[in-house]
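Me: I would like to learn how to read cavities and strands in a model such as this one. Could you take me through them slowly?

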Amino acid sequence: MGMAEAIEELRARRARALAMGGEDKVRRQRDRGKGTARERIAMLLDPESFLEYGQLASHASPIGYAQTVDEVTPADGVIIGTGTIDGRPVCVAAEDFTVHGGTYGLHHGRKKHRIADIALRERMPIIWLQDGAGARAQEMIGEGLPEASHLITLARLSGIAPQVAIVMGPSAGDSALLSSLAEFIIMVEGTAMLAAAGPPVVKSATGQSVTPEELGGAGVHCRISGVADNAAATEEAAIAMAQRFLSYFPRNAFEYPERAACDDPADRMDERLLSLIPENPRLPYDVKELINSIVDRDSFFEIKPDFARMIVTGLARLGGHSVGIIANQPMVSAGAITAQAANKVRHFVDLCSAYHIPIVFLQDVPGVMPGPKAEQEGTLRAGLALSYAISWSSVPRITVVIRKAFGFGAVAMGGAEAEQAMILAWPTADFGSLPPGGSVLAAHAKEIEAADDPQALIRDLTANYARCAGPFHAASKLNIDDVIDPRETRPRLIRVLDQTLARRTAPAQPALRHGVMP
């Protein structure tokens, strides 16, 4: 073959790859309200920055059989490469549903492993755009023991460079495993499905008929299971969410997060904070209002907003610095720590710790959720797993007690002597190893039983304990560092943060953790 013929064949094969599954299948994809794999990559990356790998890959063919252009499986159903987001290098892999439903074939799998290897070796974030229906039967039947190498590579990448999965269509089998390994998972409502196996396999194995949404839609995984993090209404919104998420992080764990420009004054004091907490301690308030009042304007990005809603987790900025926010939500279960809440926070602590993002705890916690259901859910172990994650976290941590701080729930939310940079409390703070009511009943059971007026004695004892449970008594014992006016929260946090970040005198390194997590 001469050079002219070779160049012509190259041109034809490139055109075939760019055409994906062909006009009919591309039209069907769009008719479902979905973009193509190449359109999604173009939305995600900076213009003209995509460098494709393996564009000419195709399906596995018999030994000694060379595929013609017409027989090519374009890019073998997955498009991989590198590019930039806001000028920062990333890896990307997009399953192409127009080619065999984005299924996992032999060369398809090798391409995924290739991009995972590049991400690990070059320490680059990786974004998975998932729209694939599991294994390709015609290639995978009879292949022997399934390979685990790419999953091992991604597990080793965790905590080295951020991993994001955007589930945009039916994601089953290997596609679902890759998604579930990611550090941040977005699902597009109405089109995304995340499941070990799709509805046909479920029907065959169990006899149960389910729709993709019932089996593993955004409602299942963003609200019930917690496997996924955030739901997005559209593909465009999902991609914008991924871009925003990455903006809080360094490129990898060998760098510190960049400080963003900030025009929100560090000494700003929000008067609304004075009236946010109801005088009746049993009445709730929305802690998200508090968060938005103290962080840089419009910087709060909530993670898992629909799962375990008694706890709020999210990324924000203080004086331009990336921070993680963990706050009890009094509007749901009084902000108590449940097994789901503890698991949610544990994962978030690990995420922040891995990428050197300081953590701010906003406490208003009545304790760990009690009762038979809580015990059956393993709340004790989940809560201890959270404490374990905090124990191995070396990022600066600041605790602010807003109202209640009782029992092990307060410990799990960054209690006293947990190596914080500072522990602050509002004048409304109320401390104790047990809530006052429970403390009185436990410590004075015999006296109360023998009293002429048990209720009067309970009131007197409770009032006496209350005088010892406030922030000023705690400050007098150096149990906390200071009591502050609520309006001082933002200025004080920024000052402490600036002070603690001076410890960054050595190059950033990946976080290490030892032992066996509970």
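**The cavity and a strand**

Reply: The residues lining the largest cavity divide into three nonpolar, two polar and three charged, where Ala, Val, Leu, Ile, Met, Phe, Trp, Tyr, Cys and Pro count as nonpolar, Asp, Glu, Lys and Arg as charged, and the others, Gly among them, as polar. This is a predicted model, in which local features need pLDDT of at least 70 and side-chain atom pairs pLDDT 80 or more, while totals for chains, interfaces and linings use all residues. Residues are numbered from 1 along each chain as its sequence is written, and side-chain values use heavy atoms, leaving out hydrogens and water.

Me: Which residues line the largest cavity?

Reply: A cavity is a set of points, on a 1 Å grid over the protein atoms alone, where a 1.4 Å probe fits but cannot get out, and lining residues have an atom within 4 Å of a point. Here the lining consists of Asp229, Ile303, Lys304, Thr313, Lys344, His347, Phe348 and Leu351, and helix α13 (residues 339-354) gives the most, with four residues; helices are DSSP runs of H or I, at least four residues, and strands are runs of E, at least two, numbered from the N terminus.

Me: Is strand β7 buried or exposed?

Reply: Buried means under 20% relative accessible area (1.4 Å probe, protein chains only), and in β7 (residues 184-188) five of its five residues are buried. Phe184, Ile186 and Val188 point one way from β7, whereas Ile185 and Met187 point the other way.

Note on methods: Buried < 20%, exposed > 50% of the residue type's maximum accessible area, 1.4 Å probe, protein only. 1 Å grid on protein atoms, 1.4 Å probe; cavity = no way out; pocket = protein on both sides within 12 Å on 5 of 7 lines; lining within 4 Å.
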